[in-house]
Amino acid sequence: MNIIRFQKINSTQEYAKLNINSIVPPAIIIAKEQENGKGRHGRRFYSPEGGLYFTFIIEWNNPYLSMLVPLSITEALDEIGIYTEILWPNDILFNGKKIAGILIENIGEKNLIGIGINCNNRISDFPEGIKDSLTTIYEIKKENINTEELCVLIVEKLLTISNYGDIKNMFLKRMKGKGENAKIKMDDGTIIEGQIQGISDTGGLIIKKNGKTTEIKSIEKLIII
Ligand code: BTN
């Protein structure tokens, strides 16, 4: 595996995009700090020193990718004793607090899988407005971990959770908010409310609204109410 390491970078995802034609997949761009980490929907992903920030580039036409990526993170965190849940589509939560985020982008046939995990950093390293909504591995375990080892473990899990028949059930077991009501901000800004039923075979969100079930493929934000 081609691994490109940085202590500090602007964004591993932006680096991957800028250099997509010269990086041979599978490859990992990994950093311990990002000055301008990118989140979903153009949001910022705060990436203070001590975290695990990486973009895994692979050419993999896998329709289950959006489920496999969060699952691989939850399974890897299990191995260090941290049980996490998935808030659809792909926030990873520990006791309701965000510990990891995922940004999957595609360029041609290549998948750019961006993963950020709060590891050896402290809640106090993050800006005031978001401190209450997140946690870090250090805050849970009171010890530092080897971030590159965690990265390799996640990539190994991602490439080996290949029994497609189980993926939906594995995801459902980890999914936060099943049966609960949620407020969903759609990509176009409209807000809808409904009860979370589960997911479809390809990982879409199934909600029940006014007695009718609907599948939602993409959203900006989901809040369980
Ligand atoms: C989100 O929670 O909105 C997604 C966060 C994705 C963050 C990762 S960190 C590694 C990669 N580089 C980035 O700039 N973003 C992704």
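Predicted model: local features only at pLDDT ≥ 70, side-chain atom pairs only at ≥ 80, totals over all residues.

User: Why give both an angle and a distance?

Analyst: Two packed helices are described by the angle between their axes and the distance between the axes.

User: Is the crossing of H2 and H4 left-handed or right-handed?

Analyst: The crossing of these two helices is right-handed.

User: Which residues meet there?

Analyst: From H2, the residues are Leu65, Leu68, Val69, Ser72, Ile73, Glu75, Ala76 and Leu77. They meet Leu150, Leu153, Ile154, Lys157 and Leu158 of H4. By type, the residues of this contact comprise ten nonpolar, one polar and two charged.

User: Now the ligand. Which residues come nearest?

Analyst: There are 19 residues around the ligand, and Ser11, Gln34, Lys38, Arg40 and Lys98 come nearest.

User: What is the distance from Lys38 to the ligand's oxygen atom?

Analyst: A polar backbone atom of Lys38 is 2.7 Å from an oxygen atom of the ligand.

User: And what about the ligand's nitrogen atoms?

Analyst: An N or O atom in the side chain of Thr12 is 3.0 Å from a nitrogen atom of the ligand. For Gln13, a polar backbone atom lies 3.4 Å from a ligand nitrogen atom.

User: Let us change topic to the backbone. Where are the cis peptide bonds you can describe?

Analyst: One joins Pro25 and Pro26, with omega about 0 degrees. Pro26 is in the loop between helix H1 (12-18) and strand S2 (27-34). Another joins Trp88 and Pro89, with omega about 5 degrees. Pro89 sits in the loop between strand S4 (85-87) and strand S5 (91-94).

User: What is noted about phi of Asn95?

Analyst: Its phi is near 50 degrees, which is a positive value in a residue other than glycine. Asn95 lies in the loop between S5 and strand S6 (97-107).

User: Why mention such features at all?

Analyst: Most residues other than glycine have a negative phi, and most peptide bonds are trans.

Methods:
Residues numbered from 1 in each chain as written. Heavy atoms only, no water. Left-handed = near helix turned anticlockwise from the far one by under 90°. Helix = DSSP H or I, 4+ residues; strand = E, 2+ residues; numbered from the N terminus. Contact = heavy atoms within 4.5 Å. Nonpolar A, V, L, I, M, F, W, Y, C, P; charged D, E, K, R; others polar. Near = heavy atom within 4 Å. Polar contact = N/O pair within 3.5 Å; in protein donor to acceptor, adjacent residues only side chain to side chain.
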